[in-house]
Amino acid sequence: MLFTAILTLPSFAQHYPKAPTMPADALTLQSPDRQLELKFAVVNGQPQYSLLRDGKPVVLPSRMGFTLEWRDDLAHAFVIKDKTYNTFDETWEPVWGEEAHIRNHYNEMLVTLEQPIGSVESMDHSTEKKATVMQIRFRLYDDGLGFRYEFPIENALVCFWIKEELTEFAMAGDHTAWWIPGDLDTQEYNYTESKLSQIRDLWDEGHKNGGWPWTAFSKTGVQTALQMKTADGLYLNIHEAATLDFPTMHLDLDDTTMVFRAWLCPDATGYKGRIQAPCVTPWRTVMVCEKATDVLASRLILNLNEPCALEDVSWIHPVKYMGVWWEMISGKSTWSYTNDFPSVKIGETDFVHAKPNGTHGANNTNVRRYIDFAAANGFDGLLIEGWNVGWEDWYGKQKVFVFDFLTPYPDFDLPALNKYAHEKGIRLIMHHESSASTGNYERWMEQAYTLMNQYGYDAVKGGYVGTIIPFGEGHYSQPINNHYHYAIVEAAKHHIMVNSHEAVRPTGLCRTWPNMIGNESAMGTEFRERIHPGHTAILPFTRLQGGPMDYTPGIFEPDMGKIVPWGKKMSHTICNQLGLYVTFYSPLQMAADFPEHYEPYMDAFQFIKDVAVDWDTSIYIMAEPGDYIVTARHPKIASLNKAADGVGTLADGKKGVIANATRFVYAIPDSVETFHETSLLQPRDVWYVGGITDENAREVTVKLDFLKPGVKYEATIYTDAKETCGLPDDSEFRDPNAQLKYNPQAYSITKKTVTSKSALKLRMAPCGGFAVSLREK
Ligand code: NOJ
Ligand code: CA
């Protein structure tokens, strides 16, 4: 089933010659701060653009357009018919996010291009009667460029088929890049850091460095978001925004000229988009930042998406959850119920009389154990995988009718477990692994969502493992991207929040559809020992630009050999895992390990219990892709206070306000007895700081100047101990002279009083990190 197809692409370079520099009469657009300048011109009938920062080229003249089936290309014979300019400055509030207010400030230029009647040919003769119209809308922000193609209805082009997108991103140097190989079926790769010119030589190695080498298209093909750094220290990032009814854009590099060209994921017939006017393409984006921390602070991708499409968002909320999940990933338990069925026929196979295998994780007793632990520790939700029939032969068999998403295994009492969970304040999280059989999932979706509504599930984790069905489609073609979107829209009708694994990496659509609270779409914790040090210090620059990731952090027992004989050691420390809850933004955060792995370390687990998952302010203190990230965040205290459903005594005997949205807990004075009284109080201020590092130990100094001046805070500091080391002794990333032995679970917790004038010196072990809670005293 593993196959690799490298296709040879025709070169368009000879066809459409490019201007070495933009013509003097090129149209220009400046960013609001005037640092970025876009130039646009039609050169020999072809649209071309360039981007400059402070007069220096960031994107050299680059071609734009498409080649189409059955008619002349959208790449020549163009004339500029019209141009309009606009300025926009608005602040909007996301339903959840890294900050409460997001400024969307840009200058815009809309250029209307025409291939005049008779200047091009079409099989249907449409171009003899009407001009072909293509508009390009440019939005220039202080931190980057977005542009998209638009096709109005008054046009010779109405329904058409894209063969290739010709958009180029011509780099002005041999930049350093953090890349994953271009692939039509998976994004679950380690990153490679290299010069652009080295991609070809490192590509095969990079392609082995993931789940499985799957469907490649070029030895210089890479995926977006692609993070780069120039020799001058500028951070460039190429991505896309608002990919709807369109294939995903990868990039193919011409490494003789350092020109990337858009490479759209084809459908089963090889086309790269079936288009119907009026319509717009996704935005193509080039982020340009002076500092690495500015990349993390950029909201370019979200801003280029449409505002929220939902009237009522009251049912959408952040979720901190646990799961009957790591048991299966680690090999301790199975998703399947029996070992006796080599072949399952849904609706025919009799599971009631099947012999249980004794390893099925989603059984009533085990689920109750997790509910008890999650409830006692203030979580919102519990994911249970392997609850439904079909897991005996779900993978690698290319079964169309693989699951029905409705029928539980005999040892999973769905109504009773939901009742038990709800009584303890826990919502069960549904699991719909489609096994990539998208048509089958669509057939069952309405019933599956209705079942969820019936029992009070309000979130679902989806999955698309394996070969996409319909056969011949890849994971990121237009029809399959449309499937993922359909699942989100239908879920919203049922007030269901969605977290899909293996679906296309997001492009900011969560602004429009905030019930899309998570995605995997990158290498996550499930890759265990295969995750390279520094991986989580790259993802916020790349994968997270498009939306939150269900990375599933919180593994306190990184030596998997203690769970199963074949288990290996993961490269992280306990404090590294704590740091991720702050450095890695997601409104859906998991504490992924087993209860029994947290129990010996409840003092460190306290940070996971305390940390918020929805923020009004985020400060990116220091960062370098692949090396380290230090972030401080301030939760939405006011809204939590509003949402609080009462004063409660927590499992650990502390008294606190329990917010129903996130179960975020903050301590309150003993004199306060009721929620009514707490609402009269000024809520105590709280901040969280997290740091992570790669295989290199680091010491960082964090100034607490973001705290309210003149106020005393109690800092609880979770750090790696002197002897801590998260790098296994046989790791290929180990410095041969390093003395420290693998010792990932050592940490120290200290408390001290601090103010906005204080600074904390924090040491991170190899593959380590730290976490700090700051509470107003
Ligand atoms: C792959 C997902 O990433 C993982 O989280 C899940 O457990 C399995 N598929 C099974 O659905
Ligand atoms: Ca996965």
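## Basis of the model

The model is predicted, with local features requiring pLDDT of at least 70 and side-chain atom pairs counting only at pLDDT 80 or more, while totals for chains, interfaces and linings use all residues. Residues are numbered from 1 along each chain as its sequence is written, chains are lettered from A and ligands numbered from 1 in the order in which they are written, and side-chain values use heavy atoms, without hydrogens and water.

## Overall fold

The chain contains 14 helices and 39 strands (DSSP runs numbered from the N terminus: helices are H or I, at least four residues; strands are E, at least two). Its radius of gyration is 26 Å, close to the 28 Å given by the globule rule for 777 residues, so the chain is as compact as a globular protein of that length. That radius is taken over C-alpha atoms, and the rule is 2.2 Å times the number of residues to the power 0.38. The C-alpha trace spans about 80 × 70 × 60 Å along its principal axes.

Of the 777 residues, 64% are buried (under 20% relative accessible area; exposed is over 50% and partly exposed in between, with a 1.4 Å probe and protein chains only). Among contacts with a separation of 6 or more, 73% join residues 24 or more positions apart; contact means heavy atoms within 4.5 Å.

Glu502 lies in the loop between β26 (497–501) and β27 (516–519), and Glu520 in the loop between β27 and α10 (574–583), so the pair ties together parts 18 residues apart in sequence. Both Glu502 and Glu520 are buried.

## Two individual residues

Gly210 occupies the loop between α2 (199–208) and β14 (221–222) and is buried, at 2% relative accessible area.

Ser748 lies in strand β37 (residues 747–754) and is partly exposed, at 28% relative accessibility.
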